[in-house]
Amino acid sequence: MTLSVLIGLSAVMVAIDDGDPLVLITTRETGEDALPFGPFDPERHRTFDLSLRGWVREQTGFELGYVEQLYTFGDKDRDTPEATLADAPPAARVISVGYLALMPDAAPTGAAFEARWQGWYRYFPWEDHRNGRPAMIDGELAPHLYTWAAGNPKRLDRARIAFGLDGARWVEERVLERYELLYEAGLVAECARDAGLPQPAVTLGAPMASDHRRILATALSRLRGKIKYRPVVFELLTERFTLSSLQRAVEGILGLSLHTQNFRRALDKTGLVEGTGRLETGTGGRPAELYAFRRDYVRGIAAPGLATPRKTPD
C-alpha cells in the first residue's frame, strides 16, 4: 500500500482581552478542542504563508497581520483531521506546519466558521502565575511527578527544573518542556488517548485534538521568549493603548506579575512608545494617557523587546 503524505497548516491565532491571552479554537466532530487547520493548496498558493492567509481569510474573515512559522509537526502517530481534509485517503500521513499569528483584538469570527476565542490557560493552568504560584503545582502535579521519577535521578532533575520544584527557579519559557514531561508521565489526557488506553483518574488541563496542545505549547514558549528581545507584543495591541494595558498584556503572556515602576523605567529607555497627548475616557477611573508604538522608528533599528522585571520571586 502506498502511503500518501498531505501537508496542512495549523494556526495558533492569539489575541489579548483586558490582559488575558486568548487563542482561537475550533471543535472537532469528536467534541475535542482543536486549532484552526487547513490544507496547503500548491495550485492556488505559491508559499505556505500565502496559503495560510488565504484559508484563514475565507473561513474566518480575518486578515492576518503578524505571522511567523513555528515548527513542522510530522510524528508518525498524528491523526488525520478528517473534518478539514475530507479527501485524504485512509493511509495518509498528515504533516502539519504550525504558525503563530498575533491579532490586535479578539473580534468575532465569520459566520461560516464555527470557532471561538478561549483563554489559553484552560489548557495549561499550571502556567498562570500572575496571582502567585498555582496551588495545583505543589498540591497535584508534584506528588505525581515524584512518584513517576522515583528511583530515577534524571527524571527527578527534569521535573525539578521544569516545574520549579524543591526551590528551583520557575522559567516561564519552558512551556513545551513542561507539557512534554507531563505527557511522558501520563498526566495529560492525550497520552492515554494516543496509546489507546482508558483515561487515568488524574489528567491536567483541557485536552486537545491530535497534537494540537503540543503545537499550542510551542507557540507559548516562542512568544514568551520573543517579547523579551523583539517588540512583537505591540502586534497584540490596538493603535492607541495605556501603559497599564501594555503591562497587563505582557503579564498575561508571561503568566507573571511585573514590578510596575521598573517595567516603565525600562520601557522608557527603549524608545518604543510615545505619548499621544490624549487621555483614555469612559473607564470610570482617573484618565490615563494613551500611547502609540513607534513603528516607523523601529524599522530603522534593531528594535529591542521589553524588560520583564517580576514583582516578587516565584
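User: To start, is tyrosine 179 buried or exposed?

Analyst: This is a predicted model, so everything I say comes from predicted coordinates. In it, tyrosine 179 is buried, with a relative accessible area of 4%.

User: And what about tyrosine 183, how accessible is that?

Analyst: Tyrosine 183 counts as partly exposed, at 29% relative accessibility. Tyrosine 179 and tyrosine 183 are four residues apart in helix H4, which covers residues 175–184, so about one helical turn separates them.

User: Why would residues four places apart point the same way?

Analyst: An α-helix has 3.6 residues a turn, so residues three or four places apart point the same way.

User: How many aromatic pairs does the structure hold?

Analyst: There are eight aromatic pairs in the structure. One of them joins tyrosine 179 and tyrosine 183, a tilted pair with 6.5 Å centre to centre and 55° between the planes. Ring pairs also link Tyr179 and Tyr183 with Phe124 and Trp126 into a cluster.

User: What about the pair of phenylalanine 234 and phenylalanine 293, how far apart are the ring centres?

Analyst: The ring centres of phenylalanine 234 and phenylalanine 293 are 4.4 Å apart and the planes are at 0°, so this pair is stacked. It links distant parts of the chain, since phenylalanine 234 is in the loop between helix H6 (212–226) and helix H7 (243–254), phenylalanine 293 is in strand S9 (residues 289–293), and the two are 59 residues apart. Phenylalanine 234 is buried at a relative accessible area of 3%, and phenylalanine 293 is buried as well, at 13%.

User: Which charged end sits over the ring of tryptophan 170?

Analyst: That is arginine 178, whose charged end sits over the ring of tryptophan 170 at 3.7 Å from its centre. A further case is arginine 294, with its charged end over the ring of tyrosine 297, 4.1 Å from the centre of that ring.

User: Switching to salt bridges, how many are there?

Analyst: The structure holds 25 salt bridges. In general, side chains of opposite charge can pair when their charged atoms come close. One of the bridges is between glutamate 235 and arginine 295, where the closest N and O atoms are 2.9 Å apart.

User: Where in the chain are glutamate 235 and arginine 295?

Analyst: Glutamate 235 is in the loop between H6 and H7, whereas arginine 295 is in helix H9 (residues 295–299), so the pair links distant parts of the chain that are 60 residues apart. Glutamate 235 is partly exposed, with a relative accessible area of 22%, and arginine 295 counts as partly exposed too, at 34%.

User: Which residues are linked in a network of salt bridges?

Analyst: Glu172, Glu173, Lys228 and Arg310 are linked in such a network.

User: Back to H7, how many of its residues are buried?

Analyst: In H7, 10 of the 12 residues are buried, so this helix is largely enclosed by the rest of the structure. Among the buried ones are Leu243, Leu246, Val250, Ile253 and Leu254, but also Gln247 and Glu251.

User: What covers them?

Analyst: The cover over the buried residues of H7 includes strand S1 (5–17), strand S2 (20–27), H6, helix H8 (260–270), strand S8 (273–279) and S9. H7 itself reaches 17 Å from its first C-alpha to its last, close to the 16 Å expected, and it is followed by glycine 255, whose phi is positive, near 70°.

Note on methods:
Residues numbered from 1 in each chain as written. Predicted model: local features only at pLDDT ≥ 70, side-chain atom pairs only at ≥ 80, totals over all residues. Heavy atoms only, no water. Phe/Tyr/Trp six-rings, centres within 6.5 Å; stacked < 30°, edge-to-face > 60°. Buried < 20%, exposed > 50% of the residue type's maximum accessible area, 1.4 Å probe, protein only. Lys NZ or Arg CZ within 6 Å of the ring centre and 35° of its normal. Expected span 1.5 Å × (residues − 1). Contact = heavy atoms within 4.5 Å. Salt bridge = Lys/Arg side-chain N within 4 Å of Asp/Glu carboxyl O.
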